[in-house]
Amino acid sequence: MFIVMVVCIAASALAVLVATSRPWLGLTLGAGPGDAVILTDIARDGPAASSEAAPGFRLAGIGPGGNADGRSAVLLRGSDLVEEPDGLESYAQAAAFLARQSELAALLQQSVLTLHVVNDETAEAHALEVHPRARPVRALPPVFWVQLVSGLAGFAIGAWIWAMRSGDIGTRLFALSGLGLLVSALPAAIYSTRELAVDGDLFAMLSAFNHLGVHLFGGAMVALFLRR
């Protein structure tokens, strides 16, 4: 159980480290009508805190600093906020989504960004210059912590039961399902709670671990229920 505790601490620390290493704008974004990206909240102490933007405004695009005219801005789409690419209809769409994520993630690495926001009610447009910084731990949403705790708890409970009856095939399968839950939940916690984008290669790797964990969990649970 000491080893299990060490694994849990290391896994949770790694998940938090990866999640907080992404550039942060201090925005909470949501998909709106017409595949638009809507500002649902703005952190008061975040890089994008400004009186010119408010919840309900549309984030039309982002571009390099000094790009007030918006000519070289990347236009944003509500589909950029998809939490799970598994729901896309084809591999081509998934590849395009990951490429798009790489493009946006590279842009977020700039020291200065221009956010193009629009108040659709008044048709007023604003170009806001922001300085992205690392995402603070306190800015990670509750969904991140729910997935993290769920994965850690499933793994710890499975390992604890297996430790008490290590020779029983049933407890081994249950422990294996807990491991699968950990492997699937932690990567999903990182990419599903991203602010806007994660590099496509990292996204693909996290998604692969998520798939591995889901299959491990599902296979172990089926085997457990089929065991006589």
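Is F203 buried or exposed, and what is its relative accessible area? F203 is buried, because its relative accessible area is 0%. Buried means under 20% relative accessible area, exposed means over 50%, and partly exposed is in between, with a 1.4 Å probe and protein chains only.

A word on the model. This is a predicted model, where local features need pLDDT of at least 70, side-chain atom pairs count only at pLDDT 80 or more, and totals for chains, interfaces and linings use all residues. Residues are numbered from 1 along each chain as its sequence is written, and side-chain values use heavy atoms, with hydrogens and water left out.

Now the rings. A pair of aromatic rings is described by the distance of the centres and the angle of the planes. Rings of Phe, Tyr and Trp (its six-membered ring) pair if their centres lie within 6.5 Å; planes under 30 degrees apart count as stacked, over 60 as edge-to-face, and the rest as tilted. Searching the whole structure gives 3 aromatic pairs.

Take F97 and F203. Their pair is edge-to-face, at 5.5 Å centre to centre and 85 degrees between the planes. F97 sits in helix α2 and F203 in helix α5, so this pair ties together parts that are 106 residues apart in sequence. Helices here are DSSP runs (H or I, at least four residues), numbered from the N terminus. Both F97 and F203 are buried.

Next, Y191 and F203. Their ring centres are 4.9 Å apart and their planes are at 25 degrees, so this pair is stacked. It links distant parts of the chain: Y191 belongs to helix α4 (residues 169-191), F203 to helix α5, and they are 12 residues apart. Y191 is buried too, because its relative accessible area is 0%. Put together, F97, Y191 and F203 make one aromatic cluster.

Who else is in these helices? S207 lies in helix α5, which covers residues 200-226. S207 counts as buried because its relative accessibility is 9%. Which residues does S207 touch, not counting residues up to four places away in sequence? They are P85, D86 and Y191. Contact means heavy atoms within 4.5 Å.

Last stop, R100. This residue is found in helix α2, residues 91-108. R100 has 11% relative accessibility, so R100 counts as buried. Leaving aside neighbours within four places in sequence, R100 is in contact with V74, L75, L76, R77 and D80. R100 and G200 are 100 residues apart in sequence, yet 7.6 Å apart in space, C-alpha to C-alpha.

Methods:
Helices (H or I, at least four residues) and strands (E, at least two) are DSSP runs, numbered from the N terminus.
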